[in-house]
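Here is a short report on the side-chain packing of a predicted model.

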Amino acid sequence: MNGENILTIDQLVMAFPAFGEKTIRWWIYNGARNGFEACLIRIGSRIYIDRERFIMWVEKHRPVADVAESTE
């Protein structure tokens, strides 16, 4: 982990506009049930998100794994 991968909630929303702030906060609140806690870094009352772990967490929610491209 490096400092460039640590984002605030606002920075995460700006980096991934498909996900709104309310959605991110819901994921944080329910992190123990949905696995989102693995993405979080808590320092005092501040919450940060590890960008790499967030991407991995989103990828886990794909219904089907990536399919290799056919070479025709």
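Helices (H or I, at least four residues) and strands (E, at least two) are DSSP runs, numbered from the N terminus.

This is a predicted model: local features need pLDDT of at least 70, side-chain atom pairs count only at pLDDT 80 or more, and totals for chains, interfaces and linings use all residues. Residues are numbered from 1 along each chain as its sequence is written, and side-chain values use heavy atoms, leaving out hydrogens and water.

**Helix H2**

Ile 24, Trp 27 and Ile 28 are the buried residues of H2. They line one face of the helix, because seen down the axis of H2 they fall within an arc of 100°. That arc is taken over the directions from the helix axis to the C-beta atoms. An α-helix has 3.6 residues a turn, so residues three or four places apart point the same way. The buried residues of H2 pack against H1, H3, E2, E3 and H4. Contact here means heavy atoms within 4.5 Å.

**Charged side chains**

How many salt bridges does the structure hold? There are two. A salt bridge is a side-chain nitrogen of Lys or Arg within 4 Å of a carboxyl oxygen of Asp or Glu. The table lists them.

| Salt bridge | Closest N and O atoms |
|---|---|
| Glu 21 and Arg 25 | 2.9 Å |
| Arg 62 and Glu 59 | 2.6 Å |

Glu 21 and Arg 25 both lie in helix H2, four residues apart, about one turn of the helix. Glu 21 is partly exposed at 35% relative accessible area. Arg 25 is partly exposed at 44%.

Asp 50 has no salt bridge, yet is buried. This residue is found in strand E3 (residues 46-50). Which side chain of opposite charge is nearest to Asp 50? That is Arg 53, 4.5 Å away. Lys and Arg count as positive, Asp and Glu as negative; His and the chain ends are not counted. The side chain of Asp 50 does reach the backbone nitrogen of Arg 53, at 3.1 Å.

**Aromatic pairs**

A search of the whole structure finds eight aromatic pairs. Rings of Phe, Tyr and Trp (its six-membered ring) pair if their centres lie within 6.5 Å; planes under 30 degrees apart count as stacked, over 60 as edge-to-face and the rest as tilted.

Phe 19 and Phe 54 form an edge-to-face pair, 5.7 Å centre to centre with 90° between the planes. This pair links distant parts of the chain, 35 residues apart: Phe 19 sits in the loop between helix H1 (9-15) and helix H2 (21-29), Phe 54 in helix H4 (residues 51-60). Phe 19 is partly exposed at 22%, whereas Phe 54 is buried at 1%.

Phe 36 and Trp 57 also pair edge-to-face, at 4.8 Å centre to centre and 75° between the planes. Phe 36 lies in the loop between helix H3 (31-34) and strand E2 (40-43) and Trp 57 in helix H4, so the pair ties together parts 21 residues apart in sequence. Phe 36 is buried at 0%. Trp 57 is buried at 9%.

One aromatic cluster takes in Phe 16, Phe 19, Trp 27, Phe 36, Phe 54 and Trp 57.

Note on methods
Buried means under 20% relative accessible area, exposed over 50%, partly exposed in between (1.4 Å probe, protein chains only). A polar contact is a pair of N or O atoms within 3.5 Å; within protein, one must be able to donate a hydrogen and the other to accept it, and residues adjacent in sequence count only if both atoms are side-chain atoms.
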